[in-house]
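Here is a short report for a reader new to this structure. Take a look at the model first.

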Amino acid sequence: MRSLRQLAAILLALSLAACAAQSQPDPTPPPKKPLDAKTQLETGRKY
């Protein structure tokens, strides 16, 4: 009985460790650097 509880505790700890090790990618891309006035005039892009 004691070894069954230890096995269950080890399995629980391993499953929690496996879930904690996964990292989620950042869903938002980094903000773009705004273009300066000269670049906006040269490229025709306005943000």
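## The model

This is a predicted model: local features need pLDDT of at least 70, side-chain atom pairs count only at pLDDT 80 or more, and totals for chains, interfaces and linings use all residues. Residues are numbered from 1 along each chain as its sequence is written, and side-chain values use heavy atoms, with hydrogens and water left out.

## Overall make-up

The protein has 2 helices and 0 strands. Helices (H or I, at least four residues) and strands (E, at least two) are DSSP runs, numbered from the N terminus.

Of its 47 residues, 0% are buried. Buried means under 20% relative accessible area, exposed over 50%, partly exposed in between (1.4 Å probe, protein chains only).

## Helix 1

Helix 1 spans residues 2-21 and holds I10. I10 is partly exposed, at 49% relative accessible area.

S15 is also in helix 1. S15 counts as partly exposed too, at 34% relative accessibility. A polar atom of the S15 side chain lies 2.8 Å from the backbone oxygen of L12.

Note on methods
Polar contact = N/O pair within 3.5 Å; in protein donor to acceptor, adjacent residues only side chain to side chain.
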